[in-house]
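Visitor: I'm new to this one. Could you show me how to read it, feature by feature?

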Amino acid sequence: MSNKVEIRGLTKSFGSVQVLHDVDFTVKEGEIVCLIGPSGSGKSTLLRCINQLEEAQSGIIRVDGLIQGWSERSGKLYELSPRNITAQRSHIGMVFQRFNLFPHLTALENIIEAPIHVRGIRRAEAIKQARQLLENVGLANKQDSYPSELSGGQQQRVAIARALAMKPRLMLFDEPTSALDPELVSEVLAVMKNLAEIGMTMIVVTHELGFAREVADRVAFMDQGRIVESGTPEELLTSPRNSRTKSFISSVLQ
Ligand SMILES: Nc1ncnc2c1ncn2[C@@H]1O[C@H](COP(=O)(O)OP(=O)(O)OP(=O)(O)O)[C@@H](O)[C@H]1O
Ligand SMILES: [Mg+2]
């Protein structure tokens with residue numbers, strides 16, 4: 001399997017505070033990786049760097065072999081223009097903890113916005129595709145609802161459909177269920193599980209260890225800006241080698 005994401009020597013600071021320390025991290029095509037770790041360990045920052053919402057100080061991130069933020073011509077690197085960065089980013093779907101839907105647009109309008117304006121797809125075609133996506137996430141009857149008329153779980157499923165409308169090659173999830181009432185978590189995880197089954201490459205920051213155990217190919221534990229340990233769910237969650245991983249997992253399971 002080829003590498004979907006390849007990160008080498010990634011370093012990120014905010015002011016004088018270094019939050020990512022020389023991170024190396026690889027995700028293979030079709031792989032589902034869950035990223036776990038304590039608050040402030042750098043999980044969101046790592047995802048945001050992959051998606052170019054943050055600029056790193058050093059290191060290289062490749063997605064599908066292409067260096068994010070740079071073009072490579074005859075062995076030299078040239079910084080991409082904001083327009084080309086937007087184009088590069090449009091191949092990565094990201095779903096955040098808070099739903100981030102446009103409040104003044106219906107579910108359907110939220111989904112067709114980027115395909116029409118960023119991809120230049122015809123409106124009729126975008127609507128057809130959006131209806132299919134809403135059906136896939138179990139919301140066929142909610143296309144005309146505004147975000148305020150939807151539950152948190154429904155909003156999050158619209159957010160996933162909206163990301164998928166751009167036909168992403170990679171999906172990043174940053175604690176997609178942690179703002180939800182407990183009874184709404186499973187409907188969102190079910191949609192993510194379906195995505196995993198159709199072969200989408202996914203990096204999922206989550207505290208849902210049950211989901212990680214069931215769906216992830218690999219779990220990585222992050223602490224203080226470093227990936228401390230990674231392995232199969234069984235290896236990492238049942239018999240972690242590192243003492244910090246061990247104590248984190250037992251704290252989450254309590
Ligand atoms: N825009 C920012 N400016 C300054 N510091 C920041 C900024 N974003 C994040 N940080 C700091 O970087 C560190 C890593 O933050 P990050 O949000 O990546 O952690 P996290 O692992 O996602 O935590 P959580 O589980 O709470 O979401 C923290 O110390 C945080 O305070
Ligand atoms: Mg975070």
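Visitor: Which residues does Ile-36 touch, not counting residues up to four places away in sequence?

Guide: First, some ground rules: this is a predicted model, where local features need pLDDT of at least 70, side-chain atom pairs count only at pLDDT 80 or more, and totals for chains, interfaces and linings use all residues. Residues are numbered from 1 along each chain as its sequence is written, chains are lettered from A and ligands numbered from 1 in the order in which they are written, and side-chain values use heavy atoms, with hydrogens and water left out. Contact means heavy atoms within 4.5 Å. Leaving out residues up to four places away in sequence, Ile-36 touches Lys-43, Thr-206, Leu-209, Val-219, Ala-220, Phe-221, Met-222, Leu-236, Leu-237, Phe-248 and Ile-249.

Visitor: Which residues touch the most other members of the largest nonpolar core?

Guide: A nonpolar core is a set of buried Ala, Val, Leu, Ile, Met, Phe, Trp, Tyr and Cys residues joined through side-chain atoms within 4.5 Å. Buried means under 20% relative accessible area, exposed over 50%, and partly exposed in between (1.4 Å probe, protein chains only). Here the largest core has 50 residues, and Ile-36, Ile-160, Met-171, Phe-173, Met-192 and Met-202 touch the most other members. Helix α6 (residues 182-197) supplies the largest share of this core, eight residues. There's also a second, separate core of 24 residues, with Val-19, Phe-25, Val-63 and Leu-172 among them.

Visitor: Is Asn-194 buried or partly exposed?

Guide: Asn-194, found in helix α6, counts as partly exposed because its relative accessibility is 40%.

Visitor: How do I read the strands, and which strand pairs with β1?

Guide: Strands (E, at least two residues) and helices (H or I, at least four) are DSSP runs, numbered from the N terminus. Two strands pair if DSSP finds at least two bridges between them. Strand β1 (residues 3-14) pairs with strand β4 (residues 58-63) in the antiparallel sense over five bridges, and Ile-7 has Ile-61 in β4 as its bridge partner. β4 also forms a hairpin with β5, with two residues between them; Asp-64 in the turn has a positive phi of about 50°.

Visitor: Which residues surround ligand 1?

Guide: A residue is near a molecule if one of its heavy atoms lies within 4 Å of it. Around ligand 1 you'll find Phe-14, Val-19, Pro-38, Ser-39, Gly-40, Ser-41, Gly-42, Lys-43, Ser-44, Thr-45 and Glu-175. Helix α1 (residues 43-50) gives the most to this shell, with three residues. An N or O atom in the side chain of Thr-45 is 2.5 Å from an oxygen atom of ligand 1.

Note on methods: Polar contact = N/O pair within 3.5 Å; in protein donor to acceptor, adjacent residues only side chain to side chain.
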